[in-house]
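Biologist: I would like to learn how to read a structure with some care. Could you take me through a few features, one after another?

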Amino acid sequence: MRVGAHLRQDQNPVATAEALGIDVFQMFVTDPQKWNKPEPHPHAAEIRNSDIDVVVHSSYQINVASLNNRLRMPSRKAVEQQAAAAAELGAIGLVVHGGHLRDGEDSAEGFANWRKLFERQQDKGGFGVPILIENTAGGDHAMARTLESIERLWDAVGDFEQAGFCLDTCHAWAGGEELVGLVERIKAITGRIDLLHLNNSRDEFDSGRDRHANLESGHIDPAVLAEVMTQANAPTILETPAEGIPDDLAYLGLR
């Protein structure tokens, strides 16, 4: 089982991954708070040639489900550009949040917009990497907060070869999904888990708040998190506070 961490953008990710002793890492390819097009990565050749796997996380403002053209259209373009940058690095996937709608909007249209993303790119030859849709923590109109919404989303996109699923434990907890037995319930919908974000939560169950904590310092029993990792049997990324990652790896028996 490959286990690693999200690494900072201002570091040589391969060198940092080697120092941590991990075999997969996650990174951004552009400023996650902006619409900037990805630039060539200064360590691209080293990342491509390394035995350490890389996964790319897309920028946060992307919302391909949106019914607002001024948000949905740049979101589609950003996914295309960041997927191309991920493919250039030899990444195993691009993580994209499920997105959300505004109050009063028809959720069916949001799920249809997700399908259109894959249909449009399929006509162009595909993304180059799998698009790993991540469950989210809050919002009454989120596309991937509850199991019910994830099932509706998967009904829309699950038949596309490049559609994958990323399970975030903090997001599930904050979204009101019990973690015990969650892997089985998710797999009953998606058929698999392609990537796991293993995070504890700084907030209580069903808070709707996306605040990650290190494995032994949040509200989730760390033994439950470890069991989720075992059951998911997928590449695992710690998105926990950086200073605690060595202890997180040690808790998992990896240091």
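**Two helices side by side**

Modeller: Helix 5 and helix 7 are roughly parallel to each other, because the angle between their axes falls under 35 degrees. Please keep in mind as we go on that this is a predicted model.

Biologist: How is a pair of packed helices described in general, and at what angle do the axes of helix 5 and helix 7 cross?

Modeller: Two packed helices are described by the angle between their axes and by the distance between those axes. Here the axes of helix 5 (residues 147–157) and helix 7 (residues 182–190) cross at roughly 25 degrees and come within 9 Å, and the crossing of helix 5 and helix 7 is right-handed.

Biologist: Which residues make the contact between helix 5 and helix 7?

Modeller: Helix 5 contributes Leu147, Ile150, Glu151 and Trp154, while helix 7 contributes Leu182, Arg185, Ile186, Ile189 and Thr190. Sorted by class, this contact of helix 5 with helix 7 has six nonpolar, two charged and one polar residue.

**Aromatic pairs**

Biologist: Let us turn to the rings; how many aromatic pairs are there?

Modeller: Counting rings whose centres lie within 6.5 Å as a pair, the total comes to six aromatic pairs. One of them is formed by Phe118 and Phe160, a stacked pair with 5.4 Å from centre to centre and 20 degrees between the planes. Phe118 lies in helix 4 (residues 107–122) and Phe160 in the loop between helix 5 and strand 6 (163–168), so the pair ties together parts that are 42 residues apart in sequence.

Biologist: Are Phe118 and Phe160 buried or exposed?

Modeller: Both Phe118 and Phe160 are buried, and together with Trp114 and Phe127 these two residues form one aromatic cluster.

Biologist: What arrangement do the rings of Trp173 and Phe205 have?

Modeller: The planes of Trp173 and Phe205 stand at 75 degrees, with the ring centres 5.1 Å apart, so this pair is edge-to-face. Trp173 belongs to helix 6 (residues 169–174) and Phe205 to the loop between strand 8 (200–201) and strand 9 (212–213), and the pair thus links distant parts of the chain, 32 residues apart. Trp173 counts as buried at 14% relative accessibility, whereas Phe205, with a relative accessible area of 31%, is partly exposed.

**A residue in helix 1**

Biologist: What does Thr16 touch, if residues up to four places away in sequence are not counted?

Modeller: Under that condition, Thr16 touches Leu7 and Gln11. Thr16 lies in helix 1 (residues 13–20), and at 17% relative accessibility Thr16 counts as buried, because the cut-off for buried is under 20%.

Technical notes:
Residues are numbered from 1 along each chain as its sequence is written. This is a predicted model: local features need pLDDT of at least 70, side-chain atom pairs count only at pLDDT 80 or more; totals for chains, interfaces and linings use all residues. Side-chain values use heavy atoms; hydrogens and water are left out. Axes are lines fitted to C-alpha atoms, for helices over the stretch in contact, and angles run from 0 to 180 degrees between N-to-C directions. Helices (H or I, at least four residues) and strands (E, at least two) are DSSP runs, numbered from the N terminus. Angles under 35 degrees count as roughly parallel, over 145 as roughly antiparallel, 65 to 115 as roughly perpendicular and the rest as oblique. A crossing is left-handed if the near helix is turned anticlockwise from the far one by less than a right angle, and right-handed if clockwise. Contact means heavy atoms within 4.5 Å. Ala, Val, Leu, Ile, Met, Phe, Trp, Tyr, Cys and Pro count as nonpolar, Asp, Glu, Lys and Arg as charged, and the others, Gly among them, as polar. Rings of Phe, Tyr and Trp (its six-membered ring) pair if their centres lie within 6.5 Å; planes under 30 degrees apart count as stacked, over 60 as edge-to-face and the rest as tilted. Buried means under 20% relative accessible area, exposed over 50%, partly exposed in between (1.4 Å probe, protein chains only).
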